[in-house]
Amino acid sequence: MLPAMADGECTRTPDGVLERNGNGVHTTPNGITYKGNWKNDKMNGLGRLEHPSGAVYEGEFKDNMFHGTGTYTFPNGAKYIGNFNENKVEGEGEFIDTQGLKWSGTFHYTAAPGLKLKLDM
């Protein structure tokens, strides 16, 4: 059983169980914080998930997974902006490395053949 949400909207199922639905904030015992939309007691819709390591995902969720468009910032400051499919990078996106260089292209999980460096002129 999850600890109670610090702040948020809940509804009661026909069985009498409280479920998170609407907008709210949840912090796990190990320090992960989610602020955003809930549906059927799962992260669904827009939200922000912060990990104690410094990693942050901000964007669309579906059934507790990164799904849709979003931005994932790694603990080292590198960033991916683009499409996600069930927690994996998938489709068009942009990767900004730790030097601030922007790479764009099509991503498929951990592979991204043919990335192109975007030059700001």
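Which residues are linked in a network of salt bridges with Arg 48? Glu 50 and Glu 58 are linked with Arg 48 in that network, where a salt bridge is a side-chain nitrogen of Lys or Arg within 4 Å of a carboxyl oxygen of Asp or Glu. The model is predicted, so local features need pLDDT of at least 70 and side-chain atom pairs count only at pLDDT 80 or more, while totals for chains, interfaces and linings use all residues. Residues are numbered from 1 along each chain as its sequence is written, and side-chain values use heavy atoms, with hydrogens and water left out.

The salt bridge rule gives a count of 4. Between Glu 58 and Arg 48, the closest N and O atoms are 2.9 Å apart. This pair links distant parts of the chain, with Glu 58 in strand 5 (residues 56-62) and Arg 48 in strand 4, 10 residues apart. Strands here are DSSP runs (E, at least two residues), numbered from the N terminus. Glu 58 has 42% relative accessibility and counts as partly exposed; Arg 48, at 29%, also counts as partly exposed. On this scale buried means under 20% relative accessible area, exposed means over 50%, and partly exposed lies in between (1.4 Å probe, protein chains only).

Another salt bridge joins the side chains of Arg 20 and Asp 41, at 2.8 Å from N to O. Arg 20 lies in strand 2 and Asp 41 in the loop between strand 3 (33-39) and strand 4, so the pair ties together parts that are 21 residues apart in sequence. Arg 20 is buried, at 6% relative accessibility, whereas Asp 41 is partly exposed, at 26%.

Strand 2 (residues 18-27) runs antiparallel to strand 1 (residues 7-12), and 5 bridges join them. Two strands pair if DSSP finds at least two bridges between them. Gly 8 has Gly 24 in strand 2 as its bridge partner. The two strands form a hairpin with 5 residues between them, and Gly 16 in the turn has a positive phi of about 90°.

Strand 4 (residues 42-50) also holds Asn 44. Asn 44 counts as buried, at 14% relative accessibility. Its side chain reaches the backbone oxygen of Lys 39 at 3.1 Å. The residues that Asn 44 touches include Tyr 34, Trp 38, Phe 61 and Asp 63, not counting residues up to four places away in sequence; contact means heavy atoms within 4.5 Å.

Which residue forms a salt bridge with Lys 118? Glu 94 does, with the closest N and O atoms 2.7 Å apart. Here the distant parts linked are strand 8 (residues 88-96), which holds Glu 94, and strand 10, which holds Lys 118, 24 residues apart. Glu 94 counts as buried at 15% relative accessibility, and Lys 118 as partly exposed at 39%.

Strand 10 (residues 116-118) is also the place of Leu 117, which is partly exposed with a relative accessible area of 37%. Leu 117 forms a nonpolar surface patch with Leu 101 and Leu 119, and together they have about 270 Å² of accessible area. Accessible areas come from the Shrake-Rupley method with a 1.4 Å probe, and for residues only the protein chains shown count as cover. Patches are made of residues with over 30% relative accessible area and no salt bridge; like charges are joined within 9 Å, and nonpolar side chains (Val, Leu, Ile, Met, Phe, Trp, Tyr) within 5 Å.

Technical notes. Helix = DSSP H or I, 4+ residues; strand = E, 2+ residues; numbered from the N terminus. Polar contact = N/O pair within 3.5 Å; in protein donor to acceptor, adjacent residues only side chain to side chain.
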